[in-house]
Amino acid sequence: MKFNTKTIHGGQEPDLAYGSVMPPIYQTSTFAQSTPGGHKGFVYSRSANPTRNALEKSFASIENGEFGLAFGSGLAAIDAVIKLLEPGDEVISTNDLYGGTYRLFTRIFEKFGIKFNFIGMEKASNIENYITDNTKLIWVETPTNPMMNIIDIKTTAAIAKKYNVLLAVDNTFATPYLQRPLDLGADIVMHSATKYLGGHSDLVMGALVVKDKDLADRLYFIQNASGAVCGPQDSFLALRGIKTLHIRMQRHCENGKAVAEYLANHSKIEKVYWPGFKSHPNHDIAKAQMNDFGGMVSFTAKGNNYNEAIKIIENLKVFTLAESLGGVESLAGHPASMTHASIPKEEREKIGVVDSLIRLSVGIEDEEDLISDLKQAIG
Ligand SMILES: *Cc1c(COP(=O)(O)O)cnc(C)c1O
C-alpha cells in the first residue's frame with residue numbers, strides 16, 4: 001500500500017459489530033465480561049479501547065512501523081520514552097528543541113538522576129564525542145523547532161547502532177508524508193499528533209511508533225502503568241484528520257515555499273530559515289531524507305529589533321497569533337516569549353532564538369491571501 005492510501009485505509013477495517021466504515025467512538029471506560037476473564041479483547045479503556053486501537057494501527061501504518069501507541073499529549077509520549085531509562089543513564093539530545101521537551105528533560109527527569117546532553121547535531125559525527133558507557137538514548141528533532149536545522153537521521157542511526165543506543169526521532173514537523181525515520185534506521189518515532197497528524201487544531205495528543213516487539217511491549221507497559229492515554233473522542237478526531245494528511249501536507253509545502261521565497265526577497269527581512277533554500281547549511285540532507293520541505297518557516301526582520309517583530313505579528317490578519325502549529329489555518333508565533341519561554345534566554349540565544357525571531361506555521365489557505373497578509377504586516 002502506498003502512503004496516500006495508508007492515511008485512509010492503513011490498519012483500518014470496517015467495524016466488526018455493524019460494519020461501520022468509520023471506527024465507532026467507544027465512549028466507555030469498561031467492558032462487560034461473561035465470567036472473570038471472559039472478555040472480547042477489551043477490559044478497561046486505560047489498557048486498551050477499540051477506537052484508540054484503530055488510531056494506534058493507523059499511526060503504525062503511516063510510519064511504516066509495526067506498533068503504534070497513542071497518548072494524551074506529545075509530552076506524555078516523550079515522558080513514556082524517557083521512562084524506559086534508569087537513574088544514571090544518559091541521553092544525548094538536539095540542542096534546538098521544542099521548549100516543552102527541554103522542560104520535561106531538565107525539570108522533571110534530571111531530578112530522577114537521568115543526565116541530558118544538549119548538543120548541536122547539524123554535523124552528526126559530533127554525537128560520537130558525547131557517547132559514554134551510560135548513554136542509552138539519542139533524542140533527535142528534525143527539522144528543529146524553530147530554527148529549521150536538519151539532522152541526518154541515517155548517519156545518526158548508524159552511530160546509535162554502533163554503540164547499541166536507542167534512537168528516537170520527534171517527527172512532528174515533518175510528518176511521515178515527508179520523512180519516515182524508522183525506514184532510515186531510527187528505533188522510535190514520536191509525534192505531537194496535536195499538530196499535523198490531527199491537523200485541525202482541535203485536539204491534544206501524542207504518538208509513538210516502533211518496529212521492535214520487545215520495545216513495543218516495554219512501552220505498552222509504561223503506557224498502561226503510567227496511564228497517560230487519550231480518550232475515544234480524540235482518537236476518532238485524529239483518525240479523521242490523518243485521512244487527509246497527504247493532501248494537507250502537499251498544500252502546506254506549496255504555501256510554505258511561496259512564503260519562504262517571498263520573505264527571502266523582501267528588503268525589510270534579515271534572515272529566513274527554511275530547509276528548501278539551496279543556501280540552507282543542510283539542504284542536501286533535507287533533500288535526501290525528506291520528500292519536500294514542509295510548511296514551517298522562521299524569520300527575523302532587518303535590524304534584529306524586538307519591537308519590529310512584535311509589530312509585524314500584531315499586524316497579521318490571516319495568520320493568527322497563537323501557540324501550536326500544523327493546523328489547516330496559518331499561525332504566527334514568537335518563540336522567545338511563547339513556545340521557548342521555558343528555555344533560559346542565554347541558552348535560547350546560543351541557538352538563534354533571538355527576541356526578534358518569528359515562526360510561521362503556514363496553513364492551507366489561498367497562497368495569495370497569505371502573501372498579501374505578510375506584505376501589509378511587514379509594510
Ligand atoms: C508541540 C510539540 C511537542 C509537544 O506536544 P504536545 O502535544 O503539545 O504535548 C513536542 N515536539 C514538538 C516538535 C512539538 O511541536
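**Figure 1. Two domains of the predicted model.** The C-alpha centres of domain 1 and domain 2 are 26 Å apart in this predicted model. By the domain assignment, domain 1 covers residues 3-242 and domain 2 covers residues 245-378. Where the two meet, 45 residues of domain 1 make contact with 42 residues of domain 2.

Figure 2. Around the ligand are S73, G74, L75, Y98, E141, D170, T172, S192, T194, K195, M205 and L325. By residue class, this shell consists of 4 nonpolar, 5 polar and 3 charged residues.

**Figure 3. Polar side chains at the ligand nitrogen and oxygen atoms.** On the nitrogen side of the view, D170 places a polar side-chain atom 2.7 Å from a ligand nitrogen. S192 has a polar side-chain atom 2.8 Å from an oxygen atom of the ligand. For K195, the distance from a polar side-chain atom to a ligand oxygen is 2.7 Å. The ligand taken alone would expose 380 Å², of which the protein buries 93%.

**Figure 4. Shell residues by position in the sequence.**

Conventions: Residues are numbered from 1 along each chain as its sequence is written. This is a predicted model: local features need pLDDT of at least 70, side-chain atom pairs count only at pLDDT 80 or more; totals for chains, interfaces and linings use all residues. Side-chain values use heavy atoms; hydrogens and water are left out. A residue is near a molecule or strand if one of its heavy atoms lies within 4 Å of it. A polar contact is a pair of N or O atoms within 3.5 Å; within protein, one must be able to donate a hydrogen and the other to accept it, and residues adjacent in sequence count only if both atoms are side-chain atoms. Accessible areas come from the Shrake-Rupley method with a 1.4 Å probe; for residues, only the protein chains shown count as cover. Ala, Val, Leu, Ile, Met, Phe, Trp, Tyr, Cys and Pro count as nonpolar, Asp, Glu, Lys and Arg as charged, and the others, Gly among them, as polar. Domain bounds come from an automatic or database domain assignment. Contact means heavy atoms within 4.5 Å.
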